[in-house]
Amino acid sequence: MPTKLADYQNKYQCVRFERRDGILQMTLHTDGGSLRWGFGPHGELPDAFYDVGNDRENRVVILTGTGAEFSGPRATPGTSSFPTRPGIERIDRIHWEGRHLLMKLLDIEVPVISAINGPAWRHSEIPLLCDIVLAADTVQFQDSAHFASEVVPGDGMHIVMPLLLGMNRGRYYLLTGQTLDAQKAHEFGLVAEVLPADRVLARAWEIAGDLAKK
């Protein structure tokens with residue numbers, strides 16, 4: 001059965017939802033600040049994307065973040081995504097969630113606009129897979145969860161980035177921990193518009209309003 005906003009509006013710890021005139025805004029956060037990836041968001045977002053996609057009253061979706069960054073943390077020398085070796089049950093769960101994280105996003109049948117409010121250090125493939133990608137001029141992209149943190153590139157990054165950047169640029173990005181700023185991302189075609197940080201969300205609502213009219 002289709003879901004209703006009331007079914008999931010207060011269901012998730014890492015997402016706030018608000019809807020006006022059929023436009024649903026999903027705001028990612030961790031305790032009210034910028035999203036910090038971990039097992040919590042990794043487990044919640046596949047279900048959140050499913051609920052959003054299953055709600056027939058959503059006509060356009062806006063995905064944005066909180067505070068100065070869209071998502072983190074950034075990779076730092078000597079860090080690892082798995083400081084202690086996880087058990088096989090945890091690895092199996094991560095593998096399942098990693099696939100459904102992207103597939104449930106792609107299953108949302110209405111237009112999805114990402115309003116990237118700041119650096120997307122971790123899981124930048126999520127906002128980059130949206131139908132329209134808007135970025136603040138402070139945005140930077142990095143795959144901090146994988147090669148830069150002693151993990152083989154995965155979670156869809158190993159597929160998405162070569163598709164978006166081209167094979168050679170994509171592999172370089174993944175295997176060097178490269179950071180791309182907003183202007184370079186625009187030059188490479190990752191984002192459609194680069195705007196001042198205080199204009200990104202308003203521009204997303206402007207585009208969403210035009211789409212909803214159609």
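# Rings, helices and loops

Author: Both Y8 and F17 are buried. The model discussed here is predicted.

Reader: How many aromatic pairs does the count come to?

Author: Two rings are taken as a pair if their centres lie within 6.5 Å. By this rule, the number of aromatic pairs is 2.

Reader: Is the pair of Y8 and F17 stacked or edge-to-face?

Author: A pair of aromatic rings is described by the distance of the centres and the angle of the planes. The ring centres of Y8 and F17 are 5.1 Å apart. Their planes stand at 80 degrees, and planes over 60 degrees apart count as edge-to-face. The pair is therefore edge-to-face.

Reader: Which residues do ring pairs link into a cluster?

Author: The two buried residues Y8 and F17 both belong to the cluster. Ring pairs link them with one further residue, and the members are Y8, Y12 and F17.

Reader: At what angle do helix α2 and helix α3 pack?

Author: Two packed helices are described by the angle between their axes and the distance between the axes. Helix α2 covers residues 39-53 and helix α3 covers residues 88-106. Their axes are 8 Å apart, and the angle is about 40 degrees.

Reader: Which residues in α2 meet α3, and how do the residues of the contact divide?

Author: On the α3 side, the residues are R90, R93, I94, E97, G98, H100, L101, K104 and L105. On the α2 side, they are F39, H42, G43, L45, P46, F49 and Y50. The residues of this contact divide into 8 nonpolar, 4 polar and 4 charged.

Reader: What span is expected for α3 at 1.5 Å a residue?

Author: Helix α3 has 19 residues. The expected span is 1.5 Å times one less than the number of residues. From first C-alpha to last, α3 reaches 28 Å, which is close to the expected 27 Å.

Reader: Against which helices do the buried residues of α3 pack?

Author: An α-helix has 3.6 residues a turn, so residues three or four places apart point the same way. In α3 the buried residues are I94, E97, G98, H100, L101, L102 and L105. They pack against α2, α4 (125-128) and α5 (157-165).

Reader: Is D31 buried or exposed?

Author: D31 lies in the loop between β2 (23-28) and β3 (35-36). Its C-alpha atom is separated by 22 Å from that of Y50, 19 residues apart along the chain. The relative accessible area of D31 is 77%, and over 50% counts as exposed, so D31 is exposed.

Reader: What is phi of D21?

Author: Most residues other than glycine have a negative phi, and most peptide bonds are trans. D31 has a positive phi of about 50 degrees although it is not a glycine. D21 is in the loop between β1 (15-20) and β2, and is exposed with a relative accessible area of 71%. Phi of D21 is also positive, near 55 degrees.

Reader: Is the peptide bond that joins G72 and P73 cis or trans?

Author: P73 sits in the loop between β5 (71-72) and α3. For the bond between G72 and P73, omega is about 10 degrees, and the bond is cis.

Reader: Which residues does A135 contact, leaving aside its neighbours within four places in sequence?

Author: A135 is in strand β7 (residues 132-136) and is buried, with a relative accessible area of 0%. The C-alpha atoms of A135 and A204 are separated by 9.9 Å, although these residues are 69 residues apart along the chain. The contacts of A135 are I116, V191, E193, V194, L195 and V200.

Reader: Which residues does C130 touch, not counting those up to four places away in sequence?

Author: C130 is in the loop between α4 and β7. Its relative accessibility is 8%, so C130 counts as buried. The residues it touches are L63, V112, I113 and S114.

Reader: How far apart in space are V139 and N117, C-alpha to C-alpha?

Author: V139 is in the loop between β7 and β8 (140-141) and is buried, with a relative accessible area of 1%. Its contacts include I116 and G118. V139 and N117 are 22 residues apart in sequence, and their distance in space is 7.0 Å.

How values were computed: Residues are numbered from 1 along each chain as its sequence is written. This is a predicted model: local features need pLDDT of at least 70, side-chain atom pairs count only at pLDDT 80 or more; totals for chains, interfaces and linings use all residues. Side-chain values use heavy atoms; hydrogens and water are left out. Axes are lines fitted to C-alpha atoms, for helices over the stretch in contact, and angles run from 0 to 180 degrees between N-to-C directions. Helices (H or I, at least four residues) and strands (E, at least two) are DSSP runs, numbered from the N terminus. Contact means heavy atoms within 4.5 Å. Ala, Val, Leu, Ile, Met, Phe, Trp, Tyr, Cys and Pro count as nonpolar, Asp, Glu, Lys and Arg as charged, and the others, Gly among them, as polar. Buried means under 20% relative accessible area, exposed over 50%, partly exposed in between (1.4 Å probe, protein chains only). Rings of Phe, Tyr and Trp (its six-membered ring) pair if their centres lie within 6.5 Å; planes under 30 degrees apart count as stacked, over 60 as edge-to-face and the rest as tilted.
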